[in-house]
Amino acid sequence: MKTLKIGENDRIPALGLGTWKSKEGELYKAITEAIEIGYRHFDCAAIYGNEAEVGRALRHAINEGRVKRDQLWITSKLWNSMHKPEDVRPALQKTLDDLQLESLDLYLIHWPVALKPSLGNGFPTGSDDFLSLREVPLSATWAAMETCVDAGLAKHIGVSNFSIKKIDDLLQTARVKPAMNQVEMHPFLQQGTLVEHCHKHGIQLTAYSPLGSNDRPDRLKKDDDPNLRDNPKIKILEKKHDYTWAQIALAWAIQRDTAVIPKSVNKDRLQQNYDAADIELDDDDMAKISMLDRHFRYINGDTWAQQGTDYTLENLWDE
Ligand SMILES: NC(=O)c1ccc[n+]([C@@H]2O[C@H](COP(=O)([O-])OP(=O)(O)OC[C@H]3O[C@@H](n4cnc5c(N)ncnc54)[C@H](OP(=O)(O)O)[C@@H]3O)[C@@H](O)[C@H]2O)c1
């Protein structure tokens with residue numbers, strides 16, 4: 001498995017398993033099968049509501065001697081309602097307890113959006129649930145993330161859904177540089193400028209929803225959303241190489257030196273996705289895929305851009 005340099009002298013496996021939407025019951029099996037296949041990188045988050053199940057599966061695999069803790073790369077994310085500095089460490093501790101781990105490899109600020117702590121592990125239902133970034137600045141949340149590194153609870157810290165502007169703002173005050181920016185990325189949303197900027201600053205990127213997140217909630221779906229599976233250019237590449245559309249999308253992400261975290265709970269698709277890490281696309285394939293960019297987001301941030309709050313799509317993405 002290809003790895004990417006992260007932080008001063010660490011390496012993250014380029015392909016990992018996403019766990020958003022993986023349901024109770026099916027996730028334990030998926031993690032167990034994934035470890036058998038060879039997956040070592042797992043992407044988790046408190047808001048996915050399934051970290052305890054991930055923890056049980058990991059613990060079982062470790063206890064059975066199928067994998068060692070230090071062979072695993074475990075990422076999790078701070079939920080938006082825990083941005084107040086005093087809430088960060090307890091949130092991480094809850095995640096560690098659920099995952100049955102002493103420390104994380106990577107802990108990310110999930111979104112540059114702050115919600116009231118009273119919301120708990122939930123989504124806002126109205127503008128009253130929000131805190132502005134003037135009340136809880138990202139720099140203050142970040143300083144609390146840094147103390148988690150000092151305390152040995154997270155090896156690396158990073159961000160998710162951060163724009164170039166927000167990365168630059170953070171770099172102004174950060175004592176510990178963000179190691180990662182996890183963002184939506186796939187052939188329809190290639191984020192070339194962001195990738196270049198992060199790499200220039202030694203920040204790695206992870207591509208989320210790399211297959212188009214077909215199982216995303218209905219509220220995030222529109223009839224005319226593009227899909228990779230039916231794209232004629234991708235179909236030509238499928239025929240040329242005898243790879244599936246999903247494998248082409250994953251190989252593309254890895255070949256751009258980004259990490260990628262497809263979600264699956266199906267054994268055949270877990271294997272297929274894992275195998276994509278060894279696929280080499282040629283220059284002509286990469287050029288064809290680069291032409292598919294249309295800056296299209298499946299997770300467009302609507303959830304946060306609510307009337308009566310400071311948050312808009314413009315200031316969320318800084319576009
Ligand atoms: N930081 C963030 O804000 C953020 C946001 C979104 C996602 N994420 C992370 O990124 C991960 C991946 O993104 P995602 O879950 O949104 O979507 P995704 O990985 O793009 O797509 C998942 C969907 O693709 C299907 N699938 C998987 N492999 C396939 C294959 N080889 N062929 C055909 N279909 C396949 C899955 O079904 P089966 O399970 O039935 O195979 C599922 O319906 C998440 O799970 C989460 O860990 C992070």
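A polar contact is a pair of N or O atoms within 3.5 Å. The model shown in these views is predicted.

**View 1**

**View 2. The shell around the ligand.**
The ligand is surrounded by 30 residues, of which Lys 21, Asp 43, Ser 213, Ser 264 and Arg 269 are the closest. By residue class, the shell divides into eleven nonpolar, 13 polar and six charged residues. Helix H8 (245-255) and helix H9 (267-275) each supply at least two residues of this shell. H9 gives the most, with three residues.

**View 3. Lys 21 and its contact with Asp 215.**
Lys 21 is among the residues closest to the ligand. Its place in the chain is the loop between strand E3 (17-18) and H1. Lys 21 has a relative accessibility of 19% and therefore counts as buried, the cut-off being under 20%. The side chain of Lys 21 also makes a polar contact of 2.8 Å with the side chain of Asp 215.

**View 4. The aromatic pair of Tyr 39 and Tyr 274.**
A pair of aromatic rings is described by the distance of the centres and the angle of the planes. The count for this model comes to nine aromatic pairs. In the pair of Tyr 39 and Tyr 274, the ring centres are 5.2 Å apart and the planes meet at 40°, so the pair is tilted.

**View 5. The aromatic pair of Phe 296 and Tyr 298.**
The rings of Phe 296 and Tyr 298 form an edge-to-face pair, with 4.9 Å from centre to centre and 85° between the planes. Phe 296 counts as buried because its relative accessibility is 19%. Tyr 298, at 4% relative accessibility, counts as buried too.

**View 6. An aromatic cluster, and two arginines placed over rings.**
One aromatic cluster is formed by Trp 79, Trp 111, Phe 123, Trp 304 and Trp 317. Over the ring of Phe 123 sits the charged end of Arg 219, 5.5 Å from the ring centre. Arg 294 lies over the face of Phe 188, at 4.9 Å from the centre of that ring.

**View 7. Asn 161 and His 295, two residues with positive phi.**
Asn 161 is a residue other than glycine with a positive phi, near 60°. Asn 161 is found in the loop between strand E9 (154-160) and helix H5 (164-173). With a relative accessible area of 2%, Asn 161 is buried. For His 295, phi is near 50°, again a positive value in a residue other than glycine. The loop that holds His 295 runs between helix H10 (283-290) and helix H11 (313-317). His 295 has a relative accessible area of 41% and so is partly exposed.

**View 8. Asp 87 and Asp 278, each with a residue apart in sequence.**
Asp 87 is part of helix H3, which spans residues 85-99. Its relative accessible area is 18%, so Asp 87 is buried. From C-alpha to C-alpha, Asp 87 and Thr 141 are 9.0 Å apart in space, and 54 residues separate them in sequence. Asp 278 is located in the loop between H9 and H10. With a relative accessible area of 63%, Asp 278 is exposed. Asp 278 and Ile 254 are 24 residues apart in sequence, with their C-alpha atoms 9.2 Å apart in space.

How values were computed
Residues numbered from 1 in each chain as written. Predicted model: local features only at pLDDT ≥ 70, side-chain atom pairs only at ≥ 80, totals over all residues. Heavy atoms only, no water. Near = heavy atom within 4 Å. Helix = DSSP H or I, 4+ residues; strand = E, 2+ residues; numbered from the N terminus. Nonpolar A, V, L, I, M, F, W, Y, C, P; charged D, E, K, R; others polar. Phe/Tyr/Trp six-rings, centres within 6.5 Å; stacked < 30°, edge-to-face > 60°. Buried < 20%, exposed > 50% of the residue type's maximum accessible area, 1.4 Å probe, protein only. Lys NZ or Arg CZ within 6 Å of the ring centre and 35° of its normal. Polar contact = N/O pair within 3.5 Å; in protein donor to acceptor, adjacent residues only side chain to side chain.
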